[in-house]
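Here are some notes for a colleague who has not looked at this structure before. Please read them with the model open.

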Amino acid sequence: KVLTKFVAQNEDPKASPNFAAQGGDDMKFLIKLARHPAVDENAALGLLILKTFKILSRKHDNRIAFGAEGIRSVVRFLSAPLNTRIAGEGANVILNICYEKDNVEHVLKSDGVIPLVAFLETPDLDLQANAAGAIQSICFQEQGRISVRECNAIPAIIKLLDCDNQKVQTRAVGAVHNMSSDPEAIRTIRRKNGIPHLIRLLSSEASAICGSAAGALQNVSREVASRQLIRDGGAVPPLSALLFGTDMQAQVCAAGALLNILGPELGENQKT
């Protein structure tokens, strides 16, 4: 009853008294409860625990306080979820806590990436979106990008770029953007035919999608082999159009991508 009331009062971040309050919360009891064997067979209780973790993990002090034990208690829900709602809420917690670098390391050590990658191929759109968001968060860190790539997540993420669901698409292209900071990931994105998908998303009406696509292409275009594919794929006109849009981040990424794509050729022309 206590957890039910807490979740009801705080699930909406805009109206959450907990989120508005300063300072952290004592999570020791909740972490202990999450690791109790009885929770493994009680889907309703497990869902409440994860929703409570999600709410608490919106606050910086609580994310810092999670620690290795707290993160292991979340990952265990992902390893054998009783249903897709539990899997999705677990992914949401990972998304939040991985804003902190140390927590990414704990997730990797707890083998938390493997189930998230598996969730990308579920037919449940909410779970796809939550898993992609968690992977996006993990990939802010270099070791996270390496681990995600080694778990063969890139082909599954690329498939989601064609999803009709905007939330799935937004988080998937955001994940690709973060992954593409890794040189080996760039090669995988090219080999798995990710470039045409990114070019198509440059024309999305959603600024978050076209901005992340431009950012990914900016990174990918650092590789010579990818650069030509991007040019031949018709990326220059939509990238140029983004320069005149209203989203500053998309403008910056588009400009960077165009410099990578056209800059070497312009340099050669100036020499002649």
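Which helices each supply at least two residues of the lining of the largest pocket?

1. The model is a predicted one. In it, the helices that each give at least two residues to the lining of the largest pocket are α1 (2-10), α3 (28-34) and α4 (43-56). The largest share, three residues, is that of α1.

2. The lining itself consists of Val2, Leu3, Phe6, Asn18, Asp25, Asp26, Met27, Phe29, Leu30, Thr52 and Leu56. By residue class, seven of the lining residues are nonpolar, two are polar and two are charged. The space in this pocket comes to about 170 Å³.

3. Ala8 belongs to helix α1, one of the helices named above for the pocket lining. Ala8 is exposed, because its relative accessible area of 63% is over the 50% cut-off.

4. On the overall fold, the chain has 19 helices and zero strands. Its radius of gyration is 20 Å, close to the 19 Å given by the globule rule for 272 residues, so the chain is as compact as a globular protein of that length. Along the principal axes, the C-alpha atoms fill a box of roughly 75 × 35 × 30 Å.

5. Of the contacts in the chain between residues at least 6 apart in sequence, 71% link residues at least 24 apart. Of the 272 residues in the chain, 51% are buried.

6. Asp111 is not a glycine, yet it has a positive phi of about 60 degrees. This residue sits in the loop between α8 (101-109) and α9 (113-119). Asp111 is partly exposed, because its relative accessible area of 47% falls between the 20% and 50% cut-offs.

7. Asn152 is the other residue to check. Asn152 has a positive phi of about 60 degrees and is not a glycine. Its place is the loop between α11 (142-150) and α12 (153-160).

Definitions and conventions: Residues are numbered from 1 along each chain as its sequence is written. This is a predicted model: local features need pLDDT of at least 70, side-chain atom pairs count only at pLDDT 80 or more; totals for chains, interfaces and linings use all residues. Side-chain values use heavy atoms; hydrogens and water are left out. On a 1 Å grid over the protein atoms alone, a cavity is a set of points where a 1.4 Å probe fits but cannot get out, and a pocket is an open set with protein on both sides within 12 Å along at least five of seven lines; lining residues have an atom within 4 Å of a point. Grid points are joined across faces, edges and corners, and a volume is the space filled by probe spheres set on the points. Helices (H or I, at least four residues) and strands (E, at least two) are DSSP runs, numbered from the N terminus. Ala, Val, Leu, Ile, Met, Phe, Trp, Tyr, Cys and Pro count as nonpolar, Asp, Glu, Lys and Arg as charged, and the others, Gly among them, as polar. The radius of gyration is taken over C-alpha atoms; the globule rule is 2.2 Å times the number of residues to the power 0.38. Buried means under 20% relative accessible area, exposed over 50%, partly exposed in between (1.4 Å probe, protein chains only). Contact means heavy atoms within 4.5 Å.
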